[in-house]
Amino acid sequence: MNHLFLHCRPGFEKECAAEITDIAGESGIYGYSKTKDGSAYVLFITHEPTAARQLIETIRFRQLIFIRQWFVSGPALTHLPVTDRVTPLLAAASDLPSVRELIIETVDTNEGKELSTLSKKFLAPFTKALQTKKLLDEKSPWRLHLVFISGTEAYLGVSPLNNSSAWSMGIPRLRLPKSAPSRATLKLEEAWHHFIPAAEWDQRLAHSMRAVDLGAAPGGWTWQLVQRGMFVDAVDNGPMDQALMDSGQVKHQRLDGFVYEPKKAVDWLVCDIVDKPARVTSLICKWASKGYCREAIFNLKLPMKQRYVEVKKCERRITDDLRALGLKLEIQFKQLYHDREEVTGHLRIY
Ligand code: SAM
């Protein structure tokens, strides 16, 4: 059990490895990463046999940026017989803590998708086998993960239910609403699911709140704000979706988002402008330092090579600048499933 299996966006394996090495090092835990470009997962193997479990129990999952989902396991189980995969997997599961639930995952690649039929078919017989062996326990704090890498190779391990993603592979299943003007709408919806506890939506995403959307056109993010009953200033030179404008809740401001300033402070700032991360970071610092908003969700586009380093630099800049002004804040970043070469940030000022 000295492996951490880490799901990530394909193409971001190096960021995922840099992040886990950095965070583990902060806890005095050392190991090495095994990565393969485009594989959509990373293995972090600790030198100490119990350290992977220590990491998954102590690092807060919510602070992770590029790691979508994780679990602690041993090495890959290979040469699984195609006629009876249950027997060796059940034997391996017997060496793990009992679990409350089982999820069968693949990795987020085309090869992974091809294995999803096998994964679905395997769920019922493997669950039954776990029940028979009394390895399922509704009071257990653990979840069992089984990831097929191929028809004959898999990783089996556990994650703490209260310190991992509630979604299989860390991917939320969100539906694109028919009337939303763009697919980008799902980014803001996912950001809310990730950053704001469901119990706080009614208070923090409340009816009649005021919001500003910088880089709003055609209006996918504004659409989400309007759905929550908010009034929105949509700042963009580009055209906004007409049906959204007909809601009467949106004012289109054909202005430069880096120059626009609100007449009165608003509850929410959201920003999806495609620009350099440092420039968007300065913009967010300006809004927070002038007291223009209480919460912000913004995207940082990351076309450069050192993407983990760049995000941490932006995070430090926001923290240092705003704390120096005596502001109390919470800042978090996540590469959401609906993000591409980018991460989403959330800032809350208290
Ligand atoms: N969030 C939008 C949605 O959900 O439909 C999509 C935004 S799109 C990724 C980026 C937008 O930023 C474009 O519409 C572009 O016109 C706008 N943009 C780029 N630079 C801008 C600036 N300086 N000020 C305002 N808008 C800008």
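Leaving out neighbours up to four places away in sequence, Glu 295 is in contact (heavy atoms within 4.5 Å) with Ile 196, Arg 204, Asp 267, Trp 268, Leu 269, His 346, Leu 347 and Arg 348. The model examined here is predicted, so local features need pLDDT of at least 70 and side-chain atom pairs count only at pLDDT 80 or more, while totals for chains, interfaces and linings use all residues. Residues are numbered from 1 along each chain as its sequence is written, and side-chain values use heavy atoms, with hydrogens and water left out.

Glu 295 belongs to strand E12, residues 295-301 (strands, E, of at least two residues and helices, H or I, of at least four are DSSP runs, numbered from the N terminus). With a relative accessibility of 6%, Glu 295 is buried (buried means under 20% relative accessible area, exposed over 50% and partly exposed in between, with a 1.4 Å probe and protein chains only). The side chain of Glu 295 forms a polar contact of 2.7 Å with the side chain of His 346, and another of 2.9 Å with the side chain of Arg 204. A polar contact is a pair of N or O atoms within 3.5 Å; within protein, one must be able to donate a hydrogen and the other to accept it, and residues adjacent in sequence count only if both atoms are side-chain atoms.

Ala 288 sits in helix H10, residues 277-289, and is buried at a relative accessible area of 4%. From Ala 288 to Asp 272 the separation is 16 residues in sequence and 17 Å in space, C-alpha to C-alpha.

Asp 272 leads on to the ligand. A nitrogen atom of the ligand is 2.8 Å from an N or O atom in the side chain of Asp 272, and an oxygen atom of the ligand is 2.8 Å from an N or O atom in the side chain of Asp 236. The protein buries 74% of the 600 Å² that the ligand exposes when taken alone (accessible areas come from the Shrake-Rupley method with a 1.4 Å probe; for residues, only the protein chains shown count as cover).

Helix H8, residues 220-227, is largely enclosed by the rest of the structure, because 7 of its 8 residues are buried. After H8 comes Gly 229, with a positive phi near 85°.
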